[in-house]
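Below are some short notes for a colleague who has not seen this structure before. Please read them beside the model.

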Amino acid sequence: MVAQIDSHHAAQMGPSTHQKTNPFMTAQNRTVSDRTRALLHWFENLQSTDVARMGQYYADPVFFKDPFNEVSSLAAVKHIFDDMFKRVDQPRFVVTTAIEQGDDCFLTWDFLFNTKGGKPWVIRGASHLRYDAAGLVAFHRDYWDAAEELYEKLPLIGALMRWLKKRAG
């Protein structure tokens, strides 16, 4: 869900209702490997200058896919993250759930940012990560609904998307 939130609410945003009722689904209760813990720390503290260090956590080649991109090299993934820092202000990931089994890791997260116009937004999504034999991320697939999370909130496109959704449902 993309929600337009005011700056005060963005700063005060706590766990989701599901997390409040299920304390085992919070980031604080993570039972994950050291490699995942280090990766999550990197993600949650990510600054534009940290993108250059992505090779400490990601393999090359790496498969990366989200609703807008599908790439297969570390350089291309770095470009996507560099571009994120150019397009939005104060981007920040908050990992809300981390579940790991073997070389697979599943995350849920909130992506908070401000538009260049200064409006705060949050996009909620999930990622499936898979580590290679060296313990680096070789597969990263992000799942979030671009129609609901983004397009429906835009002034002109949003009205069309909401109408289409209403007609289909």
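1. Thr97 has a relative accessibility of 7% and therefore counts as buried, a label for residues under 20% relative accessible area, with over 50% called exposed and the range between partly exposed (1.4 Å probe, protein chains only). Thr97 lies in strand β4. Its side chain makes a polar contact of 2.8 Å with that of Thr108; such a contact is a pair of N or O atoms within 3.5 Å, where within protein one must be able to donate a hydrogen and the other to accept it, and residues adjacent in sequence count only if both atoms are side-chain atoms.

2. The model is predicted: local features need pLDDT of at least 70, side-chain atom pairs count only at pLDDT 80 or more, and totals for chains, interfaces and linings use all residues. Residues are numbered from 1 along each chain as its sequence is written, and side-chain values use heavy atoms, with hydrogens and water left out.

3. Leaving aside residues up to four places away in sequence, Leu107 touches Thr97 as well as Leu40, Val95, Ala98, Gly125, Ala126, Ser127 and Leu129. Contact means heavy atoms within 4.5 Å.

4. The largest nonpolar core has 34 residues, and Leu107 is among the members that touch the most others, along with Leu39, Trp42, Tyr58, Phe81, Met84 and Phe111. Such a core is a set of buried Ala, Val, Leu, Ile, Met, Phe, Trp, Tyr and Cys residues joined through side-chain atoms within 4.5 Å.

5. The chain has six helices and seven strands, taken as DSSP runs (helices H or I, at least four residues; strands E, at least two) and numbered from the N terminus. Of its 169 residues, 38% count as buried.
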